[in-house]
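Please consult the sequence and the structure below while reading.

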Amino acid sequence: MSRSQGLVLVWILFLTACSTGPGRNQVKKDFQAMHPDYTVVEIYTGEGDGAAVYYHIKYKKPGEDRIHEDEWQYVNTVENMWALRHRETLK
């Protein structure tokens, strides 16, 4: 692979990483801002593309052993920022 091909590959990987959503840390921050007493167990991405991405958030409510799950959809805005658009409780 030539140097220019390598640079193109790195650039493509960078652009792909930038368009995959707000990141787990931001999702956790958003979730904890809405539910400060809940304990986040796991956050993982579901389906998505450059315009929207879904995150699954597993959490426990205070005083419960049961794990709940929400699915949050973030959309890429005109300003190229990620905004929470939809929340749904799955379990």
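Which residues do ring pairs link into a cluster? In this predicted model, the cluster consists of Phe31, Tyr38, Tyr59 and Trp72, linked by ring pairs. The points below begin with the overall fold and then turn to the strands and the rings.

**Overall fold**

- The protein chain contains two helices and four strands, and their order along the sequence is α-α-β-β-β-β.
- Of the 91 residues in the protein chain, 23% are buried.
- The protein chain has an accessible surface of about 6,400 Å², and carbon and sulfur atoms account for 52% of that surface.
- When contacts in the protein chain between residues at least 6 apart in sequence are considered, 31% join residues at least 24 apart.

**Pairing of E1 and E2**

- E1 and E2 run antiparallel and are joined by seven bridges.
- Opposite Tyr44 stands His56, a residue of E2.

**Aromatic pairs centred on discussion of Tyr59**

- The structure holds five aromatic pairs, among them Phe31 with Tyr59 and Tyr38 with Tyr59.
- Because Phe31 belongs to helix H2 (residues 24-34) and Tyr59 to strand E2 (residues 52-60), their pair ties together parts that are 28 residues apart in sequence.
- Both Phe31 and Tyr59 are buried; for Tyr59, the relative accessible area is 4%, which is to be read against the cut-off of under 20% for buried residues.
- The rings of Tyr38 and Tyr59 have centres 5.3 Å apart and planes at 10°, so this pair is stacked, the cut-off for stacking being planes under 30 degrees apart.
- Tyr38 is located in the loop between H2 and strand E1 (39-48), whereas Tyr59 is in strand E2, and their pair therefore ties together parts that are 21 residues apart in sequence.

**A charged residue at the cluster**

- Trp72 is one of the residues in the cluster of ring pairs, and Arg87 lies over the face of Trp72.
- The distance from Arg87 to the ring centre of Trp72 is 5.9 Å, and the cut-off for a charge over a ring is within 6 Å.

Key:
Residues are numbered from 1 along each chain as its sequence is written. This is a predicted model: local features need pLDDT of at least 70, side-chain atom pairs count only at pLDDT 80 or more; totals for chains, interfaces and linings use all residues. Side-chain values use heavy atoms; hydrogens and water are left out. Rings of Phe, Tyr and Trp (its six-membered ring) pair if their centres lie within 6.5 Å; planes under 30 degrees apart count as stacked, over 60 as edge-to-face and the rest as tilted. Buried means under 20% relative accessible area, exposed over 50%, partly exposed in between (1.4 Å probe, protein chains only). A charge sits over a ring if NZ of Lys or CZ of Arg is within 6 Å of the ring centre and within 35 degrees of the ring normal. Two strands pair if DSSP finds at least two bridges between them. Contact means heavy atoms within 4.5 Å. Accessible areas come from the Shrake-Rupley method with a 1.4 Å probe; for residues, only the protein chains shown count as cover.
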